[in-house]
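Q: I'm new to looking at protein models, and I'd like to learn how to read one piece by piece. Can we go through it together?

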Amino acid sequence: MMENTMSLLPAYTEVRQRIVQAALNARRDPGSLQLIAVSKTFPADDIRELYGLGQRDFGENYIQEWWQKTEQLADCPDICWHIIGQVQSNKSRYVAERAHWLHTLDNVKLARRLNNQRPEHLPPLQVCIEINIAQDANKHGIAAEALDDLAREVAGLPRLKLRGLMCVAQADADETVLRQQFTAMRQHLARLQTIAPHADTLSMGMSGDLECAIACGATMVRIGTALFGRRHYPK
């Protein structure tokens, strides 16, 4: 993990300002947008600092690392944990028992496991279906054509609540391509709403493209680098 000895306040303030300005430019209510602070690979102390600044929604990719952070941050009970990485079947129980959101649902088998493993005393797990909008063989997510079938299956599971869609746009794409992909996601959400009328979430946009994503209808932006700095992954 990367050590961060500098205050996160300036970066947090700047990101919040970017979100507000992007919303105003798009003639949208800034209050309709949610910042997910992507804290993967960063220590619990960094999460605690942002928590102290008022941030409550945090995104994690790696289940074992995230589980350890939930233990370290047990004294911050109103943190909302968003799983934004792929979930292997043998780790689904961790997500079902302690996560609030899963953004990367892409198959019926996982959906059924999560539904069966979600404790009865917890509210339904909020889920987004991930679409491979870039049509990149190296990325996860379903083809857009498969959305209706998967959505119908998920909508019938009582311990899951289908909230919307998630995507990762094409890396290094120009703004024209980004707009095409993000606009397509908004159209897919409208289609999803014919199956799940309460679906209201578009999880899209990261540090480099959040303005474009907000202009195209994002309701959640997943920001890591602009908040915490560049990640150093262990070799």
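Predicted model: local features only at pLDDT ≥ 70, side-chain atom pairs only at ≥ 80, totals over all residues.

Q: How are the rings of Trp 66 and Trp 67 placed, as centre-to-centre distance and angle between the planes?
A: For a ring pair, you look at how far apart the centres are and how the planes are tilted; planes over 60 degrees apart count as edge-to-face. Here Trp 66 and Trp 67 are 6.0 Å apart centre to centre with 80° between the planes, so the pair is edge-to-face. Together with Tyr 94, these two form one aromatic cluster.

Q: Which residue lies over the face of Trp 67?
A: That's Arg 98, at 3.6 Å from the ring centre. There's another case to look up: the charged end of Arg 56 sits over the ring of Tyr 51, 3.7 Å from its centre.

Q: How many aromatic pairs does the model have?
A: With the rule that ring centres must lie within 6.5 Å, the count comes to 4 aromatic pairs. One of them is Phe 58 with Trp 81: their centres are 6.3 Å apart and their planes are at 50°, so this pair is tilted. It links distant parts of the chain, with Phe 58 in strand β2 (residues 57-60) and Trp 81 in strand β3 (residues 80-83), 23 residues apart.

Q: Are Phe 58 and Trp 81 buried or exposed?
A: The cut-off for buried is under 20% relative accessible area. Phe 58 has 0%, so it is buried, and Trp 81 is buried as well because its value is 6%.

Q: What about strand β5: how much of it is buried?
A: For a strand, you can check each residue in turn and then each face. In β5 (residues 125-130), 6 of the 6 residues are buried, so the strand is largely enclosed by the rest of the structure. Leu 125, Val 127 and Ile 129 are on one side, with Gln 126, Cys 128 and Glu 130 on the other, and both faces are covered.

Q: Which strands are joined to β5 by bridges?
A: Strand β4 (residues 101-105) is joined to β5 by 3 bridges, and the two run parallel. Leu 105 stands opposite Ile 129 there. The chain gets from β4 to β5 through helix α5 (residues 108-117), in a right-handed β-α-β crossover. Strand β6 (residues 160-166) also runs parallel to β5, with 6 bridges between them. One to find is Gln 126, whose bridge partner in β6 is Lys 161.

Q: Are Arg 27 and Thr 41 buried or exposed?
A: Arg 27 counts as exposed because its relative accessibility is 82%. Thr 41 counts as buried, at 6%.

Q: What does the side chain of Ser 207 reach?
A: Find Ser 207 in the loop between β7 (201-203) and α8 (210-215). A polar atom of its side chain lies 3.0 Å from the backbone nitrogen of Ala 226 and 3.5 Å from that of Thr 225. At 18% relative accessibility, Ser 207 counts as buried.

Conventions
Residues numbered from 1 in each chain as written. Heavy atoms only, no water. Buried < 20%, exposed > 50% of the residue type's maximum accessible area, 1.4 Å probe, protein only. Phe/Tyr/Trp six-rings, centres within 6.5 Å; stacked < 30°, edge-to-face > 60°. Helix = DSSP H or I, 4+ residues; strand = E, 2+ residues; numbered from the N terminus. Lys NZ or Arg CZ within 6 Å of the ring centre and 35° of its normal. Polar contact = N/O pair within 3.5 Å; in protein donor to acceptor, adjacent residues only side chain to side chain. Pairing = 2+ DSSP bridges. Right-handed = clockwise from strand over helix to strand, strands pointing away.
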